Amino acid sequence: MTPQKVQDAIIYITETKNIDYEHSFSLSQLCSSLLRSRENNKYGRDIIIRILDAWKKVDKNTYSIWNDLTAAAGLYPYVDPKQLSQSSLLCYEYHKSPHLDNIYLHEEQQHLSIELQSKRSLVVSAPTSFGKSLLIEEVIASKLYEQIVIIQPTLALLDETRKKLLKYKNWYKIIVSTSQEPTKEKGNIFLFTGERVVEYNQFPEIEFFVIDEFYKLSLDRDDDRAIALNQAFAKLLKFTSKFYLLGPMIKDIPLNFKNKYDLIWYPTEFATVAVNETNVNIQGKAKEKKELKKARTLQITFINKRTNDYLLFLSQ
């Protein structure tokens, strides 16, 4: 539950027409206190984001205070470097992506980027606003791997990704159809749904793969595509154990899965946007309501111990 002081601060920031020096300074003190608490630092980030959104209402004499707090919260994409001290500026530049032009990573993105560049496998559960997909592009821009598969749940998402990655066409052939053949002259990026991964029989030696919205591996979701996605996952694991699974709302993954693939399990609530929550009455089946309210836990069931083919499912 959100602390009452935080709720009061949010209401004030939202509704007031002018945040004068005294109130801005008081809010900054509250924010600083929240950031020092591991349990409450998410509320500190939330207040900072709301202040930045209401920037024109804030007393200009407190801009430097809020800029320092933004850096302290790890929200480096929102920092104004012109107002930073020399020591803070060094920290700011440390969070600049070495592979993407003019892109600064927030604190937790930077941590995960380092792990990916070290060829560690990651399973990340984070809010939609975290910027998980940006890390996919950074891996591609770094040219760390030559043969990459990216699985996304819809053709619309795949087309959006294709457009973003066209800038790397000199280094990679982008394959979006099962009728296309990989090239030997440069790297290949396969942008497929799970079904297309299963159908495709011309893969080279895949070095790295991504599954976006990996919670859709769940067999409890009454979705036939979950079976194909599980088959695709098993197929790619025969090539490589280097992967990046990303999605929201996953509570945990099994210890034996973590140990087998020496992966990093990274659940986080780090958000870069503020969200206003409204309680509504949801009509529908009790099971559907339950799915919306409860966090999911990733579990693994081996269905063929001889070949290590398996299905993943999420249980409530």
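This is a predicted model: local features need pLDDT of at least 70, side-chain atom pairs count only at pLDDT 80 or more; totals for chains, interfaces and linings use all residues.
Residues are numbered from 1 along each chain as its sequence is written, and side-chain values use heavy atoms, with hydrogens and water left out.

Val273 counts as partly exposed because its relative accessibility is 39%; buried means under 20% relative accessible area, exposed over 50%, and partly exposed in between (1.4 Å probe, protein chains only). Together with Tyr78 and Val275, Val273 forms a nonpolar patch on the surface with about 260 Å² of accessible area. Such patches are made of residues with over 30% relative accessible area and no salt bridge, with nonpolar side chains (Val, Leu, Ile, Met, Phe, Trp, Tyr) joined within 5 Å and like charges within 9 Å. The areas come from the Shrake-Rupley method with a 1.4 Å probe, and for residues only the protein chains shown count as cover.

The loop between E8 and H12 also holds Glu269, whose side chain meets that of Lys42 in a salt bridge (3.0 Å, N to O). Here a salt bridge is a side-chain nitrogen of Lys or Arg within 4 Å of a carboxyl oxygen of Asp or Glu, and by this rule the count comes to ten. Glu269 is exposed, at 54% relative accessibility, whereas Lys42 is partly exposed at 31%.

What do Lys167 and Glu137 form? Their side chains meet in a salt bridge (3.2 Å, N to O). Glu137 is buried, with a relative accessible area of 14%. Its helix, H7, is mostly covered, with nine of its eleven residues buried; among them are Lys132, Leu135 and Ile136. Just after H7, Lys143 takes a positive phi of about 60°.

In helix H8, Lys164 and Glu160 are four residues apart, so about one helical turn separates them. Their side chains meet in a salt bridge (3.7 Å, N to O). Elsewhere, Glu115, Arg120 and Asp262 are linked in a network of salt bridges.

On a 1 Å grid over the protein atoms alone, a cavity is a set of points where a 1.4 Å probe fits but cannot get out, and a pocket is an open set with protein on both sides within 12 Å along at least five of seven lines; lining residues have an atom within 4 Å of a point. Grid points are joined across faces, edges and corners, and a volume is the space filled by probe spheres set on the points.

The second largest pocket has a volume of about 430 Å³. Its lining has 20 residues, with Ser133, Gln152, Leu157, Asp212 and Leu246 nearest the centre. H7 (132-142), H8 (155-165) and strand E6 (243-247) each give two or more residues to this lining.

The largest cavity has a volume of about 160 Å³. Of its 14 lining residues, Pro153, Gly194, Lys216, Arg225 and Leu229 are closest to the centre. Helix H10 (225-237) gives the largest share of this lining, three residues.
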